[in-house]
Amino acid sequence: MSLQLNARLLTALETRGKAELALMVLPSLMIVALVIAPAIWLGVLSFSVDGAPSLAHYQRMIDNSSYAAIFLTTFQLAGLVTVITVVVGYPTTYAITLLPPRLSALALACVAIPFWTSLLVRTYAWMVILQRNGILNGWLLDAGLIERPLRMSNSFFGTTVGMVHIMLPFFIFPLYASMRSIDGNLTRAAHGLGATPTRAFLDVFLPLSKQGLIAGALLTFVLCLGFYVTPQLLGGGNVTTLSIKIQQNVIVYADWGAASALAVVLVVIVGLMLLASRLLGGRGAD
Amino acid sequence: MESTNAYLSPWRRVWLYALLVIVLFFLVAPVLVVVPMSFSASNYLEFPPSEWSFRWYETFFGSVEWLHATRTSLTVAGLTTLLATPLGVAAAAALSRSRVTTAQILKGVFLLPQVVPVIILGIGVFFLYIRLGLVNSLPGIVLAHTALALPFVVVTTLSGLKSFDHNLEIAAQSLGAHPIRAFLGITLPRIKLSVLAGALFAFITSLDEVVISLFIAGGDNTLLTRKMFMSLRDQLDPTIAAVSSILIVMSIVGVVIFMVAAGTGKGERRS
């Protein structure tokens, strides 16, 4: 009996190896066919013009000043959105951890609402709020704070607002988890040893939450680099990011080589940033 | 944790809570604006509306194009969920067993669609579909959305499997159960919640996807998001407020269904 069981256990363990392989085939085929293969194909394409090897697509990025402007816009936007998200998101998350359980659940629900709302719906809302004769301008005019409507949509400003709105939940949720895991006794101990609240925060709480903070900031920055919908709709043609240029190169100019070269640069930057976040922030960015 | 706030000076606490309230208001404002506006009677976007009506809902439900796009979107999201969930669960099940280094590399492969900027997925799939004649086809759209949704299912299922005792499955197999039966009968019921969460993510990912759809989901298979994007670029049609409110209700319904299912799931586990 025990021998038979033993044999069965062995075959069970053996078939696991085969079963694993079988289970992986379809999903990995899918990723390879739809993501990896086209990416490699386009990557190769970016190094050729009319079938002959060439660096012309990359040379153009250096020679043509409009490309420099696009890179600058993309990085400025990602940088600004990241800074605002971190500066606003960190204290907000901290405040949520200080709330009594019921209120913190309510606050987290408020953070979750935009998270579950369609990206287009939110972008539409911001277009309505920020446009020339929109809600915000109406309120500001009524309050007498401004004399003429401000130009808030179709601009860098509007794009920034829309993107911060999208990134905040992405930043707050993981940071909240990492702040909750900090032992409250540590700050209490610092206080008990005579530290002022500011010192206890700066010397104990901040360093302990630093990893989550850095990982979150890097993730925010990386995600911002790839934005397409928000700059397109809230930028109204005045904010050209890398993603928008890639789309234009494909759809408007049918220039796959130029689009691919930009895509290669974007992938390399994103890859390096993710690598950095892995090295700096540990597993936080997963 | 609560006792940490005992050490915050009252002034600082006021400052923090004020910021919190402003940020939370900022976060929910768009939803608070869109829903009332969808019931406006005016041709213009005014807030709060001076008169109320269902006219934008009537426009929506009276438009063949909007209804068709909505139907297509729901069909695609449904099929994507049906495809991505089993594939993602299979991948996660295999990943959780394989050796550490291989698993790490393969996990990276499965998570790729989440990390790569979506515009790159978009042009890649478009480039491929032109050659395969799949542009604007339902199978093409579903396959692309499935690739995008796969990582969500893999991640949620993996997190469920982390707390699952694999010896239970091995025990079932050593007692003669086929590996697939052992998985379906023993493992799956215990990670049901995680799988369900992954399925919900897959559905919403597909329903909400814009960029890839801009490239490959036009013509007869125009998706709701693509149609919305196009009309947003041209004009701020109040019909979009009605569409948006419907989408908000749909995601709330999705989350509520999940929570109810999660509730009953917990009950079953306890009994």
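UniProt positions are given here in the numbering of this structure, with feature names shortened, and the annotations may be inferred rather than shown by experiment. This is a predicted model, in which local features need pLDDT of at least 70 and side-chain atom pairs count only at pLDDT 80 or more, while totals for chains, interfaces and linings use all residues. Residues are numbered from 1 along each chain as its sequence is written, and chains are lettered from A and ligands numbered from 1 in the order in which they are written.

**View 1. Transmembrane regions of chain A, as listed by UniProt.** The unreviewed entry gives residues 21-47, 67-91, 103-129, 156-177, 212-230 and 250-276 of chain A this label. Look at residues 156-177 of chain A: the span is 100% helix and 0% strand, with end C-alpha atoms 32 Å apart. Residues 103-129 of chain A are 93% helix and 0% strand, and 28 Å lie between their end C-alpha atoms. Helices here are DSSP runs of H or I with at least four residues, strands are runs of E with at least two, and both are numbered from the N terminus.

**View 2. Helix H5 (residues 119-130) of chain A.** The expected span of a helix is 1.5 Å times one less than its number of residues. For the 12 residues of H5(A) this gives 16 Å, which agrees with the 16 Å between its end C-alpha atoms. Because 11 of the 12 residues are buried, H5(A) is largely enclosed by the rest of the structure. Among the buried ones are Arg122(A), Tyr124(A) and Trp126(A). (With C-beta atoms placed from the backbone, buried means that 20 or more others lie within 10 Å of a residue's own, exposed 12 or fewer, and partly exposed in between.)

**View 3. Where chain A meets chain B.** Here 73 residues of chain A are in contact with 75 residues of chain B; contact means C-beta atoms, placed from the backbone, within 7 Å. Helix H1 (residues 2-45) of chain A gives the most to chain A's side, with 21 residues.

**View 4. The largest nonpolar core.** Such a core is a set of buried Ala, Val, Leu, Ile, Met, Phe, Trp, Tyr and Cys residues joined through C-beta atoms within 7 Å. This one has 147 residues, and Cys224(A) and Ala91(B) are among those with the most contacts inside it. Domain 1 (2-38) and domain 2 (63-270) of chain B both give residues to the core, so it lies between them; the domain bounds come from an automatic or database domain assignment. Not counting residues up to four places away in sequence, Ala91(B) touches Leu23(A), Met24(A), Pro27(A), Phe110(B) and Val154(B).

Note on methods
Two residues are in contact if their C-beta atoms, placed from the backbone, lie within 7 Å.
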